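Subject: A structure to look through

Dear colleague,

I am handing over a structure that I would like you to read slowly, with the sequence beside you.

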Amino acid sequence: PNYSGRMDHLRAAILRAQLPLIDTNIERWNLLYDRLFNRFYTMDGVTIPPRKQEEFYVGSSIQFRVNRIEESNIPGFVAACARRGVELKWFGDDEPKAFTSRYDSWRYIDDMPVLPNTLKMLANTLDMRIPLTFDAEDCDIIADIIADELRAATQ
């Protein structure tokens, strides 16, 4: 289990001050998420499943799969995006980075099963935070960079 939910008085004070803005921030996150989703959905070589209309979500991050890059080339693709200012996390990485981890990195399970279908899906899945400092133009620039680097990685 993830035991990182501890909160001291300082964190509580910071978060409490943000509560009156939560609905506005969720709306802003979802607008940014939807903008990126629409760009990724039509991008050649990217798969992103559509969300169910009845689902309530907070689009503070977005996950998508790159289909046409060999797994061994994904670290290079992630690095190329990073050089251009787009930070992506890769679920296929052997070691967790930030909050992006695979089930087999959960060290508290003694008898970890091997789930080949899950590993196959995670092998080309990427994650990107969507900070509220972004605007619609930022989302378009990010999508353009990802599309450019995806083309470069598949040529």
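A polar contact, in what follows, is a pair of N or O atoms within 3.5 Å, and within protein one of them must be able to donate a hydrogen and the other to accept it, while residues adjacent in sequence count only if both atoms are side-chain atoms. With that in mind, a polar atom of the side chain of T125 lies 2.6 Å from the backbone oxygen of M121.

Please keep in mind that this is a predicted model, in which local features need pLDDT of at least 70 and side-chain atom pairs count only at pLDDT 80 or more, whereas totals for chains, interfaces and linings use all residues. Residues are numbered from 1 along each chain as its sequence is written, and side-chain values use heavy atoms, with hydrogens and water left out.

The protein chain as a whole has five helices and four strands, where helices (H or I, at least four residues) and strands (E, at least two) are DSSP runs numbered from the N terminus. Read from the N terminus on, these elements follow the order α-α-β-β-α-β-α-β-α. The C-alpha trace spans about 50 × 45 × 35 Å along its principal axes. Of the 155 residues in the chain, 32% count as buried, a word that means under 20% relative accessible area, with exposed being over 50% and partly exposed in between (1.4 Å probe, protein chains only).

To return to T125, this residue belongs to strand β4, which covers residues 125-129, and T125 counts as buried because its relative accessibility is 11%. Setting aside neighbours within four places in sequence, T125 is in contact (heavy atoms within 4.5 Å) with F64, R65, K89, W90, F91 and G92. Although D93 is 32 residues away from T125 in sequence, the two C-alpha atoms are 9.9 Å apart in space.

N124 is found in the loop between α4 (116-122) and β4, and at 15% relative accessibility N124 also counts as buried. The side chain of N124 makes a polar contact of 3.5 Å with the side chain of R65, and the contacts of N124 beyond four places in sequence include F64, V66, N67, I74 and W90.

There are also four aromatic pairs in the structure, a pair being two rings of Phe, Tyr or Trp (its six-membered ring) whose centres lie within 6.5 Å, with planes under 30 degrees apart counted as stacked, over 60 as edge-to-face and the rest as tilted. One of them joins Y33 and F37, which are stacked at 6.4 Å centre to centre with 15° between the planes. Why are Y33 and F37 separated by about one helical turn? They are so placed because they lie four residues apart in helix α2 (residues 22-41). Y33 is buried, with 4% relative accessibility, and F37 is buried at 13%. Together with Y41 and Y57, these two residues form one aromatic cluster.

Finally, the axes of helix α3 (residues 74-83) and helix α5 (residues 136-153) come within 10 Å and cross at roughly 145°, where axes are lines fitted to C-alpha atoms, for helices over the stretch in contact, and angles run from 0 to 180 degrees between N-to-C directions. In this crossing, F77, A80 and C81 of α3 meet I146, E149, L150 and A153 of α5.
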